[in-house]
Amino acid sequence: MNFQKVEFKLSAASPEQFPKDGIPQIAFAGKSNVGKSSVINRVLQRKKMAYVGSSPGKTIHINYFLVDEAAYLVDLPGYGYAKVSQSEKARWAKLMEQYFAAGLISLGIFIVDARHAPTKNDINMAKWFQDAGCPFVVLANKLDKLRKRDIEPNLDRIYGDLDLRDTDILIPFSAEKGTGREDLVECIECIARGEPIVTE
Ligand code: GDP
């Protein structure tokens, strides 16, 4: 799959706009500021495809990037930004419910902060993916900010708190350094080919 060949396809704010063309949708979710845009940019090896540092909570729509005509990277709106109004929270929840209910997700990529225990919202979000029944990959991002000796205990805590199953995959990741990119790309490529994810 040629990740250089990417185009911004559309921004969806309602279910009629979700593409239903059979191309696998790889859905990226995570709380505001966890590095979701940076992860997508790292996968694409671009600096500014997904917009980093865009005012958190302001963008309640779903952005679709089409890679090599083979898969959509779907940038779901972030959550957990404190200054968001009730009405914006409600819009977020409605759009996310509509997207998950549409049954379009081929692979869920859920990003958490490798440094911290998952929040209540993170635990709920993981459950949405697990209930969706799609293959599920968790990225523990910002790994570069952890001391070496904290890596393993933190990953264990994320695994436990998110109640990950044997079939779920946890990848230590750094959007900043590129750590974990190859493993993530492999997962995306398997799904784009319509194959199950094989891990060692
Ligand atoms: P988003 O709100 O989830 O899309 O997060 P952004 O991609 O905008 O990133 C939020 C901040 O975290 C930015 O300042 C990024 O440069 C920083 N960031 C993202 N990923 C990493 C990472 O792996 N390591 C470090 N050190 N910083 C990161």
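A residue is taken to be near a molecule if one of its heavy atoms lies within 4 Å of that molecule. In this predicted model, local features need pLDDT of at least 70 and side-chain atom pairs count only at pLDDT 80 or more, whereas totals for chains, interfaces and linings use all residues. Residues are numbered from 1 along each chain as its sequence is written, and side-chain values use heavy atoms, with hydrogens and water left out.

The ligand is surrounded by 17 residues, of which N33, K36, S37, S38 and D144 are the closest. Polar contacts are pairs of N or O atoms within 3.5 Å. An oxygen atom of the ligand lies 2.7 Å from a polar backbone atom of K36, and an oxygen atom of the ligand is found 3.2 Å from a polar backbone atom of E176. In the case of K142, an N or O atom in the side chain is 3.1 Å from an oxygen atom of the ligand.

Helices are DSSP runs (H or I, at least four residues), numbered from the N terminus. The axes, which are lines fitted to C-alpha atoms over the stretch in contact, with angles from 0 to 180 degrees between N-to-C directions, come within 10 Å for helix α1 (residues 36-44) and helix α5 (residues 181-192) and cross at roughly 80°. Because angles of 65 to 115 degrees count as roughly perpendicular, α1 and α5 are described as roughly perpendicular to each other. Their contact (heavy atoms within 4.5 Å) is made by V39, R42 and V43 of α1 together with R181, L184 and I188 of α5.

Notes: A polar contact is a pair of N or O atoms within 3.5 Å; within protein, one must be able to donate a hydrogen and the other to accept it, and residues adjacent in sequence count only if both atoms are side-chain atoms. Helices (H or I, at least four residues) and strands (E, at least two) are DSSP runs, numbered from the N terminus. Angles under 35 degrees count as roughly parallel, over 145 as roughly antiparallel, 65 to 115 as roughly perpendicular and the rest as oblique.
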